[in-house]
Amino acid sequence: MIQRELGADRGVLVVGAVRGSRKDALELSSRLRAHRPLALGLGISFEELTGLRDYFVGTDTEPLVPLTGNEVAEMRGLVAFGEVSVPNPAYLAALEFAKEQSLPVEAVDPTDDHYANLFTSSIGYLELVRRTLRERRLTRRPPAASSADEYAVNWERESAPGRGSKKFQLERDAAAVDAARRLIRVHPRIALIFDRERFERVLTLLEKPAPAARLSSAT
């Protein structure tokens, strides 16, 4: 897990947690208690947030979680660095903390429809084929890494190195940061949780000055 506090009063905590790592989920819980945020922003879609709340938070039983072959391969490689679970235990830990503290939680990622539009407008057919082939290679040979953090970053780098993929990643993260900034304007102390591989991009965008609001005038 990686983290950084932003703002003059260090009121914005940004966390990058390795997807699937139970160790990072435990560390996140402790870090949230120390930071004492007034709201949480999660790097997932509204639809995913709704599903986690409905089926995994405060329930007696949990449904089976179907995984793609690529997701199975990613988790299998991650096991080398500790216990793993799905769905992402970091987001579940954040939701449990928010429920316990009665805090508002907002999904800052694009909706599923917006995500699909960003993906198809950024990644063409040839690059999609190359991504598929790379993902298949990773199922046979996970990326070399010395830590869970390095593994998460290398997995993204090796599975999606193309120009269109990088454009998609940046546009997705920019949309998430826009939503996070709106949350920051409402709550003076917040925590933002993202998958580890997105941390540096999100942090760079957050540290840039916010775009000036467009003013319209009557003519």
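This is a predicted model: local features need pLDDT of at least 70, side-chain atom pairs count only at pLDDT 80 or more; totals for chains, interfaces and linings use all residues.
User: Which residue in E4 does glycine 41 stand opposite?

Analyst: Glycine 41 belongs to E3, where Ala39 and Gly41 point one way. Looking across to E4, the residue opposite glycine 41 is glutamate 106.

User: Moving to the surface, where does the patch of negative charge get its residues from?

Analyst: The patch gathers Glu47, Glu48, Asp112 and Asp113. Glutamate 48, for one, is found in helix H2. At least two residues of the patch come from each of two helices, H2 (46-56) and H5 (112-122).

User: Is glutamate 48 buried, partly exposed or exposed?

Analyst: Its relative accessible area is 38%. Buried would need under 20% and exposed over 50%. That value falls in between, so glutamate 48 is partly exposed.

User: Which residues make the nonpolar surface patch, and what is its area?

Analyst: Val65, Leu67, Val72 and Val86 make this patch. Valine 72 lies in helix H3, residues 69-78, and counts as partly exposed at 30% relative accessibility. The area of the patch is about 240 Å².

User: Which peptide bond is cis, and what is its omega?

Analyst: Look at the bond from valine 86 to proline 87. Proline 87 sits in the loop between H3 and helix H4 (89-101). That bond is cis, with omega near -5 degrees.

User: What is the phi of arginine 10, and where does arginine 10 lie?

Analyst: Arginine 10 is in the loop between strand E1 (2-6) and strand E2 (12-17). With 49% relative accessibility, arginine 10 counts as partly exposed. Its phi is positive, in a residue other than glycine, with a value near 55 degrees.

User: And serine 102: is that residue buried or exposed?

Analyst: Serine 102 is in the loop between H4 and E4, and its phi is positive, near 55 degrees. The cut-off for exposed is over 50%. At 66% relative accessibility, serine 102 is therefore exposed.

User: How many salt bridges are there?

Analyst: Side chains of opposite charge can pair when their charged atoms come close. Here the rule is a Lys or Arg side-chain nitrogen within 4 Å of an Asp or Glu carboxyl oxygen. By that rule the count is 17.

User: How far apart in sequence are the parts tied together by aspartate 195 and arginine 19?

Analyst: These two side chains meet in a salt bridge at 2.7 Å, N to O. Aspartate 195 lies in strand E5, while arginine 19 lies in the loop between E2 and helix H1 (22-35), so the parts tied together are apart in sequence by 176 residues.

User: Which glutamate also forms a salt bridge with arginine 19?

Analyst: Arginine 19 is partly exposed at 24%. The glutamate in question lies in the loop between E5 and helix H9 (199-207), and counts as buried at 10% relative accessibility. With the closest N and O atoms 2.6 Å apart, the partner is glutamate 197.

User: Which residues are joined into one network with aspartate 173 and arginine 198?

Analyst: Aspartate 173 and arginine 198 form a salt bridge, with the closest N and O atoms 2.7 Å apart. Aspartate 173 is in helix H8 (residues 163-186) and arginine 198 is in the loop between E5 and H9; both are buried. Through salt bridges that share partners, the network also takes in Asp109, Glu156, Arg172 and Arg201.

Note on methods. Residues are numbered from 1 along each chain as its sequence is written. Side-chain values use heavy atoms; hydrogens and water are left out. Patches are made of residues with over 30% relative accessible area and no salt bridge: like charges are joined within 9 Å, nonpolar side chains (Val, Leu, Ile, Met, Phe, Trp, Tyr) within 5 Å. Accessible areas come from the Shrake-Rupley method with a 1.4 Å probe; for residues, only the protein chains shown count as cover. Lys and Arg count as positive and Asp and Glu as negative; His and the chain ends are not counted. The place of a charge is taken as NZ of Lys, CZ of Arg, CG of Asp or CD of Glu. Helices (H or I, at least four residues) and strands (E, at least two) are DSSP runs, numbered from the N terminus. Buried means under 20% relative accessible area, exposed over 50%, partly exposed in between (1.4 Å probe, protein chains only). Two strands pair if DSSP finds at least two bridges between them.
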